[in-house]
Each structure stands twice: as structure tokens, then as C-alpha cells.
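Hi everyone, thanks for making time for this. Have a look at it with me.

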Amino acid sequence: MLLNWLSRRLAAYLSKQITRHSIRTSTWEALIDAIQPGDVLLVDGNTRVSVAIKYLTQSTWSHAALYLGPEAGLGIADSGEPNVLIEADLEEGIRPLPLSFYRHAHTRICRPVGLSASDIQQLTEYAILRQGQQYDMKNVFDLARYLFPTPPVPARHRHKLLAFGSGDPTRAICSTFIAEGFQQLRYPILPVVKTLPADDPDCEDCEIERFRIRHHSLFTPRDFDASPYFRIIKPTIEGDFDYRAIEWEDQ
């Protein structure tokens, strides 16, 4: 009981906003038009826990949410809007959200390539089944250690510090929850790639590549940005962008 109480208090402390959102890089209308089911929405967070994640990963992105669209059956938000995103929240666990929750945030769309309708359905079913499961508080305690004060951790070790989760399959952090969903599709994020001899008698120097899945607990939000298998979508230039139409203010 004491540990649960302490975990809740720590989660509330780490969830407090300490900075304003960064300047958004697209209009709300452009974001709505650009995002598609299956996309991963990365967020430049503004809470205490966001500071720790961004420091340890040396990245702008501290949070990730999965966009499934209005037809996913994620229910209706209190605002009357359809829930179209699903994420692992520090205090509430895995929950659905409307897109407008991140309307004023600095975001980035990372799009998997070539997903079929059945792939999207499988992702949706996976996410719905995980709703209500709790955030991995073991991971939160690990993160909190690096906030008092910000530690001089060598860059080569920072990424590893986010892989200390409990291993309990009913708990997750934002990026591991999404990574596990894509791994069920066998869609690559940042797999381990091994190069092996091709055993081709006509080509002694030929090699082949074999992919090996990294455990989902090792993924952080920045990995979707860094992945060569996710296309970066910038809503501002997905439409009819024409730099000549920009009205500059003369100095």
C-alpha cells in the first residue's frame, strides 16, 4: 500500500507542467488532414518526466501516441469529440484521447509504410485490449533518479537508462506499448541487423542480412523518428505548399 501511494504521488509530481509547449510546426487543420490510422504521433512534452526522457535520449521527443482514427471504436471524449489516439499516460495508464489534446503541442508524424487494412485492424484490437493497463512505475522510479539534479551521465549510456522496466506485460511506457503493437505485425522499428555469408558458390563475397527483433522495452519515442522504416510526415508541406505565397514582414 505504501509503495502504491508513493507511486501515485511521484506520478502526479512528474506529470506537472514546468514549461510551455514548444511552438507548433503546423496548423491544426494541416495536422488533421495529414494524419492517418497507424501513424505514430511524437510529442515534445512539457512536464518534469518529459525533461528526464529528453535528456536521457538526447531527443526533442518525450512522448508517443498511436493514431487509430475515428472509426477505431475508442469512444467519445468529454468534449464530444471522437477519441482517435491511444497512449500510455503516467497517471491514467493506457487511455484513448481526441487529437485535439495535442492541438497546441510541437508534434511529429511518423508513418509506417505499406500497412494493410487488416494490419490497422490488428493494431486497433491490440490497443483496445490494452486499455486501462497501468504505466510501468518501475520505469518511473528509474527516471526520477535522473531529475535530482540532472546527472552527468555519459551519452553512450543514456539510452540504456530507459530499459529498466519491470518486465510485467500488464505495464508499459508510451513507446514500449506502441513498439509491441508493431512487433506483433513484424513491422521493423530499429531491429538488430546481422550480416551473414550468402553461401552462394557463384559469389564468394556476397552477403545477406537477417533481422532480429529488439525487445519492445528497449524502445524510446526518438526511435520512431530515427527508424528508416517510418516516413516523416510534415503536415505543412503535405498540402499545396508554395513558399512564394508567404507574406513576409519587411524589416
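Let's begin with helix α3, residues 48-57, which is mostly covered: of its 10 residues, seven are buried. Keep in mind that this is a predicted model. Which residues of α3 are the buried ones? They are Val49, Ser50, Ala52, Ile53, Tyr55, Leu56 and Thr57.

Now to the interior. In soluble globular proteins, nonpolar side chains tend to be buried together. Here, the largest nonpolar core has 26 residues, and Val40, Phe182 and Phe224 have the most contacts inside it. Where do its residues come from? At least two each are supplied by β1 (40-43), β2 (63-67), β3 (85-89), α4 (117-130) and α7 (174-184). The biggest giver is α7, with five residues.

Let's zoom in on Val40. Leaving aside residues up to four places away in sequence, Val40 touches, among others, Ala64, Leu66, Ile109, Ile178, Phe182, Phe224 and Phe230. There is also a second, separate core, this one of 16 residues, including Val43, Ala65, Val84 and Leu97.

Finally, the outside. Ile237, Phe241, Tyr243, Ile246 and Trp248 make a nonpolar surface patch of about 610 Å². Take Trp248, found in the segment after α9 (235-238). Is Trp248 buried or exposed? Trp248 counts as exposed, because its relative accessibility is 69% and the cut-off for exposed is over 50%.

Definitions and conventions
Residues are numbered from 1 along each chain as its sequence is written. This is a predicted model: local features need pLDDT of at least 70, side-chain atom pairs count only at pLDDT 80 or more; totals for chains, interfaces and linings use all residues. Side-chain values use heavy atoms; hydrogens and water are left out. A nonpolar core is a set of buried Ala, Val, Leu, Ile, Met, Phe, Trp, Tyr and Cys residues joined through side-chain atoms within 4.5 Å. Buried means under 20% relative accessible area, exposed over 50%, partly exposed in between (1.4 Å probe, protein chains only). Helices (H or I, at least four residues) and strands (E, at least two) are DSSP runs, numbered from the N terminus. Contact means heavy atoms within 4.5 Å. Patches are made of residues with over 30% relative accessible area and no salt bridge: like charges are joined within 9 Å, nonpolar side chains (Val, Leu, Ile, Met, Phe, Trp, Tyr) within 5 Å. Accessible areas come from the Shrake-Rupley method with a 1.4 Å probe; for residues, only the protein chains shown count as cover. A salt bridge is a side-chain nitrogen of Lys or Arg within 4 Å of a carboxyl oxygen of Asp or Glu.
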